[in-house]
Amino acid sequence: MTSSFLQRLRREQGLPDTPDTRRLHYRLSQDGRRLSLLLAKPLAGGQLENPSAYRLQPAHWQRPPGFLDGDDLAALPQLHQLCPREAEEGGYRLPVTTPLSLLRALAESGRLLLADAGPLAWGSPEAVPFGWQTDELGRQRLDWQPSPGQLLLPCDPPACLVPQRRQLVPVADVPAASAREWLRRRPQLAPEQLNQFLSRYCDELEAAGLPLPRALPERRLAAEPQPLLALSSAGGADRLRLHFVYRWQQVECRVDAGDDESFGRYHPESGELLRFQRDRSKETAYRRALEQALVEYNPRLPSPDAWEFPDWRDPMTNALPALRAQGWLVEIAPDFRQHFIAPGAVHLEAAPEGVDWFELALQVEVDGELLPLMPLLADCARRYSRAQLEVLGGDLPLALPDGRQLLLPAARLARWLALLGELCFEEAAGERLRLPRAQLDRLHYLADDELEVSAEAEALVEGVRRHLAPAAPPRLPEEWCATLRPYQLQGLAWLQQRRALQTGGLLADDMGLGKTVQLLAHLSVERAAGRLAPPALVVAPSSLLDNWLREAERFAPRLRVELVRGPGRHRRWQRLGENHLLLTSYALLARDLEHWRAQPLSAVILDEAQAIKNAHSQMAGCARELQADYRLCLTGTPVENHLGELWSLFEFMLPGFLSTEASFNRCYRKPIERDGDEGRARDLLERIAPFVLRRTKAQVATDLPPKTEISLRLPLQGAQRDLYETLREEGLRQIHGSVADGGGRLMVLNLLTRLRLLCCDPGLADPAQADAGSAKREYLREVLPQLVEEGRSVLVFSQFVGMLRLVAADLQRLGIPSLSLTGRSRNRGELVDRFQAGAAPVFLVSLKAGGSGLNLTRADTVIHCDPWWNAAAEAQANDRAHRIGQDKPVFVYKLLAEDTVEEKMQQLQARKRQLAEQVYRAAEAEALEFQDLYSLLAEGPDA
């Protein structure tokens, strides 16, 4: 109808008619039992263009559309009569009464297709024998016996489909209709039914020209039974059933334990029916042996020959292997849900891939076959955390692709997943894991887990073990001008090991324990051994460069040191290689990066390495571009705010050691920081521990005097309290309105800063309120004169330079001398020397300018005017006074405005401190182990 409408429309528009070139095609399924109709335009080679399904429509027989021809109009009514109901799949299942003439007409039209193989042709008749076939139980069936290349079609008279030739061929010498009816019925006879069948139908079969079934000669046999255990979950129940197998020559008979006395099998070579006699006494003995083997697993017997268990793991991995070893047969159905298997040895394979990568594979032996373990571990990692595995204990089943369940100890899985944590984030884990070469340490820990290690992997493991072994005590050169403490000698040995192994390291000793001295001692040893050509480079904050220069001149006078700074530094580039040690700042590193890229270096050392804690900063990017044999970081605070800072340091020292930043965040940072996953934290700390050396003052500097920290909560009074509450409430109202419009972040930060300024002095937040009064300044005006009168030396820290100016003015009015150090101070070293010499009892220091790199051991009192977001920054400031060389108890006072944002900041500090301490504890434990091993080496062979 649509076609005629379009043709009429074209005529009305004056357009010529377009003939409908589509034709109806008939597609026969591959098994020859289903026919479907397709409407399509024929193409060359029997292909169809845009075929679409066509449903039988009797209305088309009266008013046929253009795509139906005479052949179609003759075939479709027959097809409709044969298949009055169309199948759900859109095809027509052909009955056995399908006229062969219909299929022949379709084939001769050229539009009968075989599935997707092209058109079928009509072929010459072929002979197809028929007769009685005998199965293994001796049952006989009357049926056609087509050759392997023939497929009998459901039609009358019979015909065959020959797919290889794409032909339909009629059967030659077709028997009479009565014989064909018997062949359609396909009768089947058991041996005991034969006589009754012949007495009833013998004459009818002979009249139809069909052969008669024959009586099978029988042979009775006595054979040994072999027990067989069949395990299946058929019917929804997991069960073990007992069977017995009897054999004679190549004939095998299986019988259920509860079957009849005798049973038969057909022997095609002799044409006999073999009758086996059951050996009941031996079957009973086997049953008793089975009951004894299974009794300890608390079986339940739903029937006399079936067993079920509350837990199938032990029966499957202990009882069944033992029975199999005694000659029992075990047959496990594919649907069996409790197919537990015990593993054999686990094999570790590893091989380098290029220069920067290696591949790691774990394989487990299962029934003499090596299976990849990585995909199983990945699936386990997605389902369980390490903490859950440790709680579970025992054996955990891992599903194999074929349905078997491999049992592995949960504790062992937890260890492997701790080392291969990335697997839990792999979308589709392969059989091998590709890792950066910097992560070769994983091989060492895996190899220690009783694995079978390949020769190539063993060679890599030996290299890793040299990484982790303690270094021998180093000998300091004669020109070294200091006596190192024992822990500093251990640090020197550790640094020497880093150099020998050409690997990175993080010296994270507590502030004030002499990281600079240990590094200079290391460089002195390197100079004496002739290994500082090319030179080493130290990158430090600008404020610490003079201190490095002075310390080098003091302790290592033979080191040729070049301070690369100032407007004329570029004129000295060509001669830098003549030195042993080069010093530059982070700021100048970025400016001079092109020169440093071209400068050969033996080592790169970052002092106060937290400067690159932001992995995306320009500083961090520039540091990573420096090329050297090994890289070191010096910092007492490798983690200040979050674990991403730790990743940034390791990405500089050991690129790729902690994988990509995205992978690190997924594997470690988010689970630890967001979810509090202690197991994941332990995994991370165990991995980084060999590359971090940290000693605390409490561990090694036992001669240091005590440090007492006191938090003083000062209530805001009068106008200062009123101004604080007014500013807070107005700020919150503005922020709520801004958040509703999609903003607010900058307003929050601005409000917090103004509130903190107001806690120090209202005039800092609003100059118009300079006379409102300040609780902190009042406290300082009262306390500082008392401390000075007692002979104390005081450090006063604030992150707000304006607050320091106000305090300096207060001290001047009180007649108390003071010194000030801020970011604008140019004579930093001179100011430090003057304070140490006693020029003033009070030293006012901005937190950023003086929080690191200063030795202010004259001070015995530290006052923080305001808290900082980062507890580590405050700790560094405290350790300007509490460090090696201090001989007086140190008191630290933290001034906090009561019931203000400053108290909230202190709570935030506590959370960050807890995160950092997790990292520090692992590093400290590693340092203690290194110390013990170092001591054995240092004491000599008689220790």
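## Basis and overall content

This is a predicted model, in which local features need pLDDT of at least 70 and side-chain atom pairs count only at pLDDT 80 or more, while totals for chains, interfaces and linings use all residues. Residues are numbered from 1 along each chain as its sequence is written, and side-chain values use heavy atoms, with hydrogens and water left out.

The secondary structure of the protein comes to 32 helices and 44 strands. Of its 943 residues, 49% count as buried (buried is under 20% relative accessible area, exposed is over 50% and partly exposed lies in between, with a 1.4 Å probe and protein chains only). Among contacts in the protein with a separation of 6 or more, 65% link residues 24 or more positions apart; a contact means heavy atoms within 4.5 Å.

## Leu228 in β16

Leu228 lies in strand β16, residues 226-232. Its relative accessibility is 6%, so Leu228 counts as buried. Leaving aside residues up to four places away in sequence, Leu228 touches Arg241, Leu242, His243, Val245, Arg254, Leu329 and Glu331. Leu228 and Tyr286 are 58 residues apart in sequence, and their C-alpha atoms are 9.9 Å apart in space.

## The antiparallel sheet β8-β9-β14

An open sheet of 3 strands has the order β8-β9-β14, and its pairing is antiparallel. The edges are taken by β8 (130-134) and β14 (188-189); each has a single partner strand, so one side of each is left without a neighbour in the sheet. Two strands pair if DSSP finds at least two bridges between them. Strand β9 (residues 140-144) is joined to β14 by 2 bridges, and these strands run antiparallel. Gln140 stands opposite Leu189 in β14.

Axes are lines fitted to C-alpha atoms, for helices over the stretch in contact, and angles run from 0 to 180 degrees between N-to-C directions. The loop between α15 and β33 holds Pro534, which is joined to Ala533 by a cis peptide bond with omega about 5°.

## Two helix pairs

The axes of α14 (residues 486-501) and α15 (residues 515-528) come within 9 Å and cross at roughly 55°. The two helices are therefore oblique to each other (under 35 degrees counts as roughly parallel, over 145 as roughly antiparallel, 65 to 115 as roughly perpendicular and the rest as oblique). Tyr487, Gln488, Gly491, Leu492, Leu495, Gln496 and Arg499 of α14 meet Gln518, Leu519, Ala521, His522, Val525 and Glu526 of α15. These residues divide into 6 nonpolar, 5 polar and 2 charged (Ala, Val, Leu, Ile, Met, Phe, Trp, Tyr, Cys and Pro are nonpolar, Asp, Glu, Lys and Arg charged, and the others, Gly among them, polar).

For α27 (residues 775-789) and α28 (residues 801-814), the axes come within 10 Å and cross at roughly 45°, which makes α27 oblique to α28. Their crossing is right-handed. Lys776, Arg777, Leu780, Arg781, Leu784 and Pro785 of α27 make the contact with Met803, Leu806, Val807, Asp810, Leu811, Arg813 and Leu814 of α28. By class there are 8 nonpolar, no polar and 5 charged residues in the contact of α27 with α28.

## Backbone exceptions

Most residues other than glycine have a negative phi, and most peptide bonds are trans. A cis peptide bond joins Asp156 and Pro157, with omega about -5°. Pro157 is in the loop between β11 (155-156) and β12 (159-162).

Asp367 has a positive phi, near 50°, and lies in the loop between β26 (357-366) and β27 (369-372). With 65% relative accessibility, Asp367 counts as exposed. Ser659 also has a positive phi, of about 60°, and is placed in the loop between α20 (644-653) and α21 (661-674). Ser659 counts as buried, at 14% relative accessibility.

Notes:
Helices (H or I, at least four residues) and strands (E, at least two) are DSSP runs, numbered from the N terminus. A crossing is left-handed if the near helix is turned anticlockwise from the far one by less than a right angle, and right-handed if clockwise.
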